[in-house]
Amino acid sequence: MSKTVRFRDRDTLDVQQSVDWLINESGKEVADSFIDELETQISTISRMPQSGSSRFAVELGIPDLRFQVM
């Protein structure tokens, strides 16, 4: 069963700022690669919500938070 991956407003802003920075520093191709990998990771988390590490969940006090290395 798939689980919905939710982005908070701050998450969306972080991604947009990261993409903008990558475009300016490394070009559109690198930014596109970042987006592709992010979409792959989101899909993986959706299909396997218990994948990744819960390492930061306790530290940040966010239950069910998962950390995925890109």
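This is a predicted model: local features need pLDDT of at least 70, side-chain atom pairs count only at pLDDT 80 or more; totals for chains, interfaces and linings use all residues.
Biologist: How do you know that the length of helix 1 agrees with what a helix should span?
Modeller: At 1.5 Å a residue, the 18 residues of helix 1 should span 26 Å. The end C-alpha atoms of helix 1 are 25 Å apart, so the two values agree.

Biologist: Why is the contact between Asp14 and Arg10 called a salt bridge?
Modeller: The closest N and O atoms of Asp14 and Arg10 are 2.9 Å apart. The cut-off is within 4 Å, so the pair qualifies.

Biologist: Where do Asp14 and Arg10 lie?
Modeller: Both belong to helix 1 (residues 9-26), four residues apart, about one turn of the helix. An α-helix has 3.6 residues a turn, so residues three or four places apart point the same way.

Biologist: What makes Asp14 partly exposed?
Modeller: Asp14 has a relative accessible area of 30%. Buried means under 20% and exposed over 50%, so Asp14 falls in between. Arg10, at 49%, is partly exposed too.

Biologist: How many salt bridges are there by this rule?
Modeller: The count comes to two salt bridges. Asp32 and Lys28 also form one, at 3.0 Å from N to O. These residues are four apart in helix 2 (residues 28-47), about one helical turn.

Biologist: Why is Lys28 called exposed?
Modeller: The relative accessibility of Lys28 is 56%, which is over 50%, so Lys28 counts as exposed. Asp32, at 32%, is partly exposed.

Notes
Residues are numbered from 1 along each chain as its sequence is written. Side-chain values use heavy atoms; hydrogens and water are left out. A salt bridge is a side-chain nitrogen of Lys or Arg within 4 Å of a carboxyl oxygen of Asp or Glu. Helices (H or I, at least four residues) and strands (E, at least two) are DSSP runs, numbered from the N terminus. Buried means under 20% relative accessible area, exposed over 50%, partly exposed in between (1.4 Å probe, protein chains only). The expected span of a helix is 1.5 Å times one less than its number of residues.
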